[in-house]
Amino acid sequence: MESKIEIIPKQRIAFMRRTGPYGRENMQVMERLKKWATEKSLLQSATIFAIPQDNPKKTSPENCRFDVGITLSEEYLLQEDRAIREGWISGGKYVVYNINHTAKDIAKAYKAIFPDLNKHGYQITNKPIMERYTGDMYNHPYCDICVPVK
């Protein structure tokens, strides 16, 4: 599996959070965020991040947090909305894996990532692993899995 090192800059995001077991419901949050972003004319030029905040091996499934965020410019004035929160991607050094955006390929990638990181001597930091979606997600069905390392 191919990877590259990337310095991801600090980025402002608008995000939605779901708490509960990771799974199909996370896709529903993604769809709600995309609908909101489309209504605000933000979707076409933005980057979307899917961010599982907790390790399900250490956190009980009902307490696992999953965020879906879309990048915002510093100038964008976020209107008050109960469904949307404002936050930041802290940025830093990441190993980035570009994969097909299918459930099968994502599951396969997550199984291969940790042995690959060990093979290359990378240590994961305490930031969450993120999935990043850029450009036309319908005609370019790929995503990046971004793993924070030191």
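This is a predicted model: local features need pLDDT of at least 70, side-chain atom pairs count only at pLDDT 80 or more; totals for chains, interfaces and linings use all residues.

User: Good to know. Where is A50 found?

Analyst: You'll find A50 in strand 3, which covers residues 47–52.

User: And which residues is A50 in contact with, leaving aside its neighbours within four places in sequence?

Analyst: There are contacts with M30, F66, D67, I129, M130, E131 and Y133. As for distances, A50 and M27 are 23 residues apart along the chain, and 9.5 Å separates their C-alpha atoms.

User: Let's zoom out. How many helices and strands does the protein chain have?

Analyst: It has 2 helices and 8 strands. Starting at the N terminus, the order is β-β-α-β-β-β-β-α-β-β.

User: Why does the chain count as being as compact as a globular protein of that length?

Analyst: Its radius of gyration is 15 Å, close to the 15 Å that the globule rule gives for 150 residues, so the chain is as compact as a globular protein of that length. The C-alpha trace spans about 45 × 30 × 30 Å along its principal axes.

User: What share of the residues count as buried?

Analyst: That would be 41% of the 150 residues. The chain exposes about 9,300 Å², and 49% of that area is supplied by carbon and sulfur atoms.

User: What about contacts between residues at least 6 apart in sequence, how many of them join residues at least 24 apart?

Analyst: Among those contacts, 74% join residues at least 24 apart.

User: Switching to charges: how many positive and negative side chains are there?

Analyst: The protein chain has 23 positive side chains and 18 negative ones. The centres of these two sets lie 5 Å apart.

User: Now the strands. Which ones are joined to strand 2 by bridges?

Analyst: Strand 2, residues 11–19, is joined to strand 5, residues 85–89, by 5 bridges. Another 8 bridges join strand 2 to strand 4, residues 65–72. Both pairings run antiparallel.

User: How many residues of strand 2 are buried?

Analyst: Strand 2 is mostly covered, with 7 of its 9 residues buried.

User: And which strands are joined to strand 6?

Analyst: Strand 6 spans residues 92–100 and is joined by 5 bridges to strand 1, residues 4–8, in an antiparallel arrangement. Strand 6 also runs antiparallel to strand 8, residues 142–148, with 7 bridges between them. To find these pairings on the model, look for E6 opposite Y94 in strand 6, and for V96 with its bridge partner C146 in strand 8.

User: Let's go to the start of the chain. Where is E2, and is it buried or exposed?

Analyst: E2 sits in the segment before strand 1. With a relative accessible area of 74%, E2 is exposed, since the cut-off for exposed is over 50%.

User: What is E2 in contact with, apart from neighbours within four places in sequence?

Analyst: E2 is in contact with V96 and Y97. The C-alpha atoms of E2 and Y110 are separated by 13 Å, and the two residues are 108 apart along the chain.

User: How do K40 and S41 count in terms of accessibility, and what is the phi of S41?

Analyst: K40 counts as partly exposed at 34% relative accessibility, and S41 counts as exposed at 65%. S41 has a positive phi of about 60°, although S41 is not a glycine.

Definitions and conventions: Residues are numbered from 1 along each chain as its sequence is written. Side-chain values use heavy atoms; hydrogens and water are left out. Buried means under 20% relative accessible area, exposed over 50%, partly exposed in between (1.4 Å probe, protein chains only). Helices (H or I, at least four residues) and strands (E, at least two) are DSSP runs, numbered from the N terminus. Two strands pair if DSSP finds at least two bridges between them. The radius of gyration is taken over C-alpha atoms; the globule rule is 2.2 Å times the number of residues to the power 0.38. Contact means heavy atoms within 4.5 Å. Accessible areas come from the Shrake-Rupley method with a 1.4 Å probe; for residues, only the protein chains shown count as cover. Lys and Arg count as positive and Asp and Glu as negative; His and the chain ends are not counted. The place of a charge is taken as NZ of Lys, CZ of Arg, CG of Asp or CD of Glu.
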